[in-house]
Amino acid sequence: MSTPEPLDERIAAFERDGFVVLPGIIPPEQVSQLQEALIRIEAEHNLGYAKTSFEGHKTVRINNLLVYDPRFWDVPLQPEVLALAERLLDRELLLSSLCSLTLAPGQGAQPLHEDTQQLALPRPRPPLAVNAIWALSDFTADNGATHIVPGSHRYDASPPYGAQDIETVQATMKAGSVMLFDSALWHKGGANNSSARRYALSCYYCAGWMRQQENLQLGIPADLARQFPRRLQELCGYSIYKGQYGHIDNADPITLLGGEGRPTVWQASDAKAARKAAERKA
């Protein structure tokens, strides 16, 4: 777990630049296991390249990764990454999506964009979502390291979609590193001009009041979700935000998985009033 000093430094860098790289925080053994799992899942399920140009006609994106292998369960729970995401959003954040980003040789660069570009909300604004890109290969200038415009999360507009004349820098990093960036940061996936595949994961967190990119409650069978650690269940949406948003019949959705629920805001308010009344009588 991060100590307060490095976490504060990472927060400061993120707020200034719109991104921060956590070098070498994923052990090499875990990197290899995750890459091997992606290769196996792709073969077993006959998964191919994405169907749209934005997603990449030479990119394999495996969505809903939590259903395929328990090794992916640890990804959203990685302590240093989650601690940073919780500070940037809050502890009641959600996992918005978890997918692979496997770029084959010849994959071109994405259009320049920002991830919340379709939300008609004023900019600049506090972070709505943060994307944690896990490098399962070295990210190099040749194999598609992400292009970013540092500080652009503070701009008052989204980028002209697909603009070619805006200067970017590439976020190169070694395998086992993780880059977190603000969803409002101007960026694009790079082109893979190398002769080898580039493997990565996108672990996308969002504010607890936002709709998730992936509908994890429907996409993950309940019997499988019951096997998740409690914190992962909460991240997937089996939780109530601020004791109010996402309840089911005034109950915490975690109870559907057999867990003990937290009180709703109304229940907590009554309990607080009852405690104060008891204290006055004492």
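This is a predicted model: local features need pLDDT of at least 70, side-chain atom pairs count only at pLDDT 80 or more; totals for chains, interfaces and linings use all residues.
Colleague: How do strands of a sheet pair?

Modeller: Through backbone hydrogen bonds, either parallel or antiparallel. Take the open sheet of five strands here: the order is 1-8-5-10-3, with antiparallel pairing.

Colleague: Which strands stand at the edges of that sheet?

Modeller: Strand 1 (19–22) and strand 3 (94–100). Each has a single partner strand, so one side of each lacks a neighbour in the sheet. On average, neighbouring strands are turned by 15° against each other, direction ignored.

Colleague: What packs on the sheet?

Modeller: Helix 2, residues 28–44. Helix 2 touches strand 3, strand 5 (129–135) and strand 10. The helix direction makes about 95° with that of strand 10.

Colleague: How many bridges join strand 1 to strand 8?

Modeller: Four, and the two strands run antiparallel. Val 21 has Met 179 in strand 8 as its bridge partner.

Colleague: And the sheet of three strands, what is its order?

Modeller: The order is 7-6-9; this sheet is open, and the pairing is antiparallel. Strand 7 (169–170) and strand 9 (187–188) stand at the edges, each with a single partner strand, so one side of each has no neighbour in the sheet. Strand 6 (residues 147–148) is joined to strand 7 by two bridges. His 147 has Gln 170 as its bridge partner in strand 7.

Colleague: Now a side chain. Is Gln 212 buried or exposed?

Modeller: Buried means under 20% relative accessible area. Gln 212 has 14%, so it counts as buried. Gln 212 lies in the loop between strand 10 (200–206) and helix 4 (216–219).

Colleague: Which backbone oxygen does the side chain of Gln 212 reach at 2.8 Å?

Modeller: That of Leu 95. The backbone oxygen of Cys 236 lies 3.2 Å from a polar atom of the Gln 212 side chain. Gln 212 also touches other residues, including Ser 96, Cys 206 and Gly 237.

Key:
Residues are numbered from 1 along each chain as its sequence is written. Side-chain values use heavy atoms; hydrogens and water are left out. Two strands pair if DSSP finds at least two bridges between them. Buried means under 20% relative accessible area, exposed over 50%, partly exposed in between (1.4 Å probe, protein chains only). A polar contact is a pair of N or O atoms within 3.5 Å; within protein, one must be able to donate a hydrogen and the other to accept it, and residues adjacent in sequence count only if both atoms are side-chain atoms. Contact means heavy atoms within 4.5 Å. Axes are lines fitted to C-alpha atoms, for helices over the stretch in contact, and angles run from 0 to 180 degrees between N-to-C directions. Lists of a residue's contacts leave out its neighbours within four places in sequence.
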